[in-house]
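This briefing covers a predicted model.

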Amino acid sequence: MAQAVRVVVAMSGGVDSSVAAALLKEKGYDVIGVTMQIWPRLAPEEEVRRGGCCSLAAVEDARKVADRIGIPYYVMNFGGVFKERVIDYFIEEYARGKTPNPCIACNFYVKWGALLRKALGLGAKYVATGHYARIDYDPSLGRYLLYRGLDPEKDQSYALYGLTQDQLAHTLFPLGPYTKKEVRARAGKLGLVVAEKPESQEICFVTGDDYHSFLREFIPDKIEPGPILNTSGEVVGRHRGIPFYTIGQRRGLGLSMGEPVYVVDIKADENVIVVGTKEEVYSRGLYAAEVNFIPFERLNGEKRVQAQIRYRAPAVPARIVPAGGENGEELVKVLFDEPQRAVTPGQSVVFYEGDLVLGGGIIRERL
Amino acid sequence: MRKVYLDHGATTPVDPEVAHVIYRYMVDEFGNPSSVHQFGRAARKAVEKAREQVADLIGAADPSEIVFTSGGTEADNLAIKGVARAYRKKGNHIITSAVEHHAVLHTCEYLEEKEGFKVTYLPVDGSGMVDPEDVAQAITDQTVLVTIMFANNEVGTIQPIAEIARIAKEKGVLVHTDAVQAVGQVPVDVERLGVDLLSLSGHKIYGPKGVGALYVRKGTRLEPTMHGGAHEKHRRAGTEGVPGIVGLGTAAQLRKDHLDEYTEHLIVLRDRLIDGILDGIPDVKLNGHPTKRLPNNVNVSIAYAEGESMLLNMDLEGIAASSGSACTSGSLEPSHVLVAMGLSHELAHGSLRMTLGKDNTEEDIDYVLEVLPRIVERLRKMSPIAPAQREEKVSNV
């Protein structure tokens, strides 16, 4: 009998990754469960307090699940790479007036970086996660393709656009063809203790989703009050520090200007927040950097796509055009058919063709 | 799949003979040793017999010098805090080494932070050895205790305790040694060593977990850390854990009776394993002293292969080993022992500890020698290639 193919499943202790592990085991893979411990070092009381993904409580849940489905289970420490690539990046981006997406950085560098390396080192052919997305190999293109998960409510392909061919070749998404409802039912049928666990949505390393306190703790010197200007350059108020503002924000500005105003620009160099009217929050396009394409290596001309500028935003019709760049950087210009609200530098723009993920990049600048 | 247990430094299986005795003292002879009736008397008798057996194993002149504890960690705590507090008027200085077990290191740090003691952490050489001359230099008129381990739990290096004790004695300073890893493996004789306090543990010598003992030389003052009844001659309050204590006593007896054959068996296997690894895998360094090491300890640093990855791969092949000591695995911090010995962080991360036991066979060793080179080869093959490609790709986009 041929030896079963080995898969390392990243287990968070939640429903999705638990069912992913169980499904792979059912299919006859040689499954190993791994929980990534990502906090460098915590005081004991802090460890107990902190819930959520990748916490000690999560380790206990994942361990129970692994035991239940009968697979070896390990906790691996990725504190170093997580701090450097995710937490530090998160903090620096806010200090630069951007709005980072730490989950995408975690995918790039931790799950499909450090964890994949460890998995290959354990003799595994694949890393699997509980993401709702699908991978298919297209022999005519000779490339691995990435598609949205079948459940439109749960599709997580947005955060996966950066996967390279090499990474996709070593990845399984067992939940791709299922809906969340089916996955929960599956968890119940398997008697998994996590079947009723609530969704986790917040940023896993920020307690209680309070990123303001988090930033105050880590970059107190970067938080400096400054002026709020209108689009004509007139001072209309004071801000509490640029990391606390994001493009499109209306609440908490402390301004009364007779009409609703929104953050339309964050100038980190000048420590300035710019507000404008509802119309001024809209952009006709953007420049994207650090671009990755999946069905092809690079963009060689204009292409019609559907572009998605936030995790939960709808994909809207747009054109993408190669836009060159300095120092060998390959920027892509995105032009929406209809102007879009709150294009936010630091977030990612992802290009689709129906369910097919063409690729994406990080929003550098709005047009 | 073949199962090979090579982590006896973490814990050992309970000897069946020991388990039988424990069962008897849980079910049949269940009395409280402090009770006056026959049930109590039977338990008392068993505890005192165990005390003799433990005293006998380590050459203590009088069984009353043995204090039973909940294990090695408590014995270390009792020795260090007990002496430090009892002799506080004499001075506030403690000497230890950088490679001690955390039970000793963290206790010393605690006294430093909370009770105003000063602690000297002596360095070690490349083989993990403390220089007795450093001990002599470090002693001041404030020094109340020298605590140096008998043998290191990670790299197995055996310290020159007799010489250290002689130096300390000359200057009137008490000496404690954590002998948790050494007792039962090599001859340990408190009289010949000249130490005043010595810690040992049940579960490292095929006895149960949750029991240990501290040898306290007659005349040594000790401030108890547990308060309650008058148990253990006021040195350790709490009803004696009779089953554990008789288990420890029986285990001590067995180790003493079989010490020579056991040691010989381990040395043969150990050297077979060391030679096999050094011959079979390039770029490997043996950590610890080449000869002055525990008969059961193999600790190697394997370049370009991470300890954690080797460990998990071995587990998947049925081999139980450890990377660093059991208490610190799961943390990314490189072993404080290997760092103190001057190893680079890379080599410290690539360390693997295999600790043999009495039931291991040559076949076990040969199985490891068949499996390990394969694992190392795989890890090395992908360590420079796959990650480099991916890293480049990610940072170029």
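The largest nonpolar core holds 138 residues, and the members that touch the most others are Val9(A), Ala21(A), Leu24(A), Val34(A) and Leu115(A). Helix α5 (residues 102–121) of chain A supplies the largest share of this core, 12 residues. In soluble globular proteins, nonpolar side chains tend to be buried together.

**Cores**
- Leaving aside residues up to four places away in sequence, Val9(A) touches Ser17(A), Ala20(A), Ala21(A), Leu24(A), Val31(A), Gly33(A), Val34(A) and Ala128(A).
- Another core, of 85 residues, lies apart from the largest one; among its members are Ala75(B), Leu145(B), Val183(B) and Ala213(B).

**Sheet in chain A**
- Five strands with parallel pairing form an open sheet in the order β3-β2-β1-β4-β7 (chain A).
- The edges are β3 (73–77) and β7 (171–172) of chain A; each has a single partner strand, so one side of each is left without a neighbour in the sheet.
- Five bridges join strand β1 (residues 6–10) of chain A to strand β2 (residues 30–37) of chain A in the parallel sense.
- Opposite Val9(A) stands Gly33(A) in β2(A).

**Domains of chain B**
- The domain assignment divides chain B into domain 1 (4–10 + 258–385) and domain 2 (16–257).
- Taken over C-alpha atoms, the centres of domain 1 of chain B and domain 2 of chain B are 28 Å apart.
- Contact between them involves 23 residues of domain 1 of chain B and 26 residues of domain 2 of chain B.
- On the side of domain 1 of chain B that touches domain 2 of chain B, the elements giving two or more residues are α10 (259–280), β10 (297–302) and α12 (336–340) of chain B.
- The residues of that side of domain 1 of chain B comprise seven nonpolar, 13 polar and three charged.

Key: Residues numbered from 1 in each chain as written. Chains lettered and ligands numbered in written order. Predicted model: local features only at pLDDT ≥ 70, side-chain atom pairs only at ≥ 80, totals over all residues. Pairing = 2+ DSSP bridges. Helix = DSSP H or I, 4+ residues; strand = E, 2+ residues; numbered from the N terminus. Domains from an automatic or database assignment. Contact = placed C-beta atoms within 7 Å. Nonpolar A, V, L, I, M, F, W, Y, C, P; charged D, E, K, R; others polar. Core = buried A, V, L, I, M, F, W, Y, C linked by C-beta atoms within 7 Å. Buried ≥ 20, exposed ≤ 12 C-beta atoms within 10 Å, placed from the backbone.
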